[in-house]
Amino acid sequence: MPPLKSAATPVASVLAADARHTVTVVLNGTPRTGQAHPRLLLSDFLRHELGAHGTRVGCEHGVCGACTVRIDGVAQRACLTLAVQADGRRIDTVEGLSQSNQGPTEGRMTALQEAFRRHHALQCGFCTAGILMSLSDYLGRNPKPTEEELRDMLSGHLCRCTGYAGIVRAVMDVTGQAAACDTRSGEAAHV
Amino acid sequence: MKPASFDYLRPATVADALAALAAGGDDARVIAGGQSLMPMLNMRLVQPRLLIDLSRLEELRTLKADSGWLSVGAAVTQAELLSRPTLRDEVPLLAAALPWVGHFQTRNRGTVCGSVAHADPSAEMPLCLVATGGAVVLRNAKRRRTVAAADFFVGPLTTVKAADEIVESVRFPLAAAGSGHAFREVSMRHGDFAITACAATVDGTQASLAVGGVADRPTLRSWPLVGGALLSDLDAALNAFAWDLGGDDDQHATARYRRDLVRRIGRTVLEEALSCRR
């Protein structure tokens, strides 16, 4: 998708602190416009201005990873990005993962999401959206990560429920690297 | 945790950015990746009146090896540098240290120059710059000047950069034939700030160790090679270096533990660097 016009024409004048400014992004393939003070974080812009509540807000200083979205395809922290910095960019959030299946499978979860369900890779689900958005970028660059590489990438996300074991199993499964697992217990099947 | 209010400028050129920075004085800050500045804004540790965004300036998106240096412009992210296919040959120390900078997700936005400008004493990019004998190119509205890495860092989050200057680029010397490099760090969890980080470089005549996370800035010490080998009394030399660094106790580790890391990891990386000379 070509960048929006606003991306190619840098702002020549200062955006005033006390005014709201028009910000246009392509959210999950659809152009969306909202208003933002310069200090508004992208995470809050997505949730409160565009109503995309799939992106979670956790620590708001870049540590927990819950707010991770893709900006022009690249996984980044929405809480460490200003909404005005995202003007003209493509933003992909967890809502876009299932929508990307058009046609008869529309609305279905992606294979990665299905693997998360099978392997109990989530419990409360607060961290899940961010982890899925990181993985959707990371697995494109590294389609068959080793467990060590995967755990290194996951160090950018805090999950307090699963202990990461289910997440690792889900990714190993969906990348074709794991033995078949029992879908109920998550145990490796007896061979 | 939301930032205090500020005006926001997305300049069309570096010259526009520098003019705005000169006019804004101490109330203006530049942002590129913002992976250190945004948390400080969110926590209101800094409250600038004007934020000048360098991240979309194509002039600063330069990454090239030329005349013995790898030059990294201010808009180049840590991930972009790490994914450079020739990095392992050009500056192998960077290829070893970059995976330790933050996380995958923050490297995707954080810049190399931003990390150097931020000057956290435990950060990997300032350490690599000092370890390799790199340089920082500073620019304001009137002039450009180049400062050696050893002279750039003054203390925690403090450098010789003036308020009206930006770090336009940083330059790492290309690794010479016959040199060796190694990097290791210890932190609470991978991606956390280093308790102690060690970067070793070895060339034909000397072995050098740069240490981060202990003193108030990355600090380098060199020793001559004796018959192509490390000093016979290296333990004593490392012990003296560890004490001279003068680290403090903090919530992560004691000064004593840090000295022990300098002695142990220091030896390890020096031996690794010596054995992997090319």
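Colleague: Happy to dig in! Which strand of chain A pairs with E3(A) over 2 bridges?
Modeller: This is a predicted model, where local features need pLDDT of at least 70, side-chain atom pairs count only at pLDDT 80 or more, and totals for chains, interfaces and linings use all residues. Residues are numbered from 1 along each chain as its sequence is written, chains are lettered from A and ligands numbered from 1 in the order written, and side-chain values use heavy atoms, without hydrogens and water. Strands are DSSP runs of at least two residues, numbered from the N terminus, and two of them pair if DSSP finds at least two bridges between them. In the antiparallel sense, E3(A) pairs over 2 bridges with strand E5 (residues 90-92).

Colleague: Nice. Which residue takes a positive phi in the hairpin of E3(A) and E4(A)?
Modeller: Most residues other than glycine have a negative phi. This hairpin has 2 residues between the strands, and the one with a positive phi near 50° is A:Asp72.

Colleague: What is the relative accessible area of A:Asp72?
Modeller: A:Asp72 lies in the loop between E3 (68-71) and E4 (74-77). Buried means under 20% relative accessible area, exposed over 50%, and partly exposed in between (1.4 Å probe, protein chains only). A:Asp72 is partly exposed, at 33%.

Terms used. Helix = DSSP H or I, 4+ residues; strand = E, 2+ residues; numbered from the N terminus.
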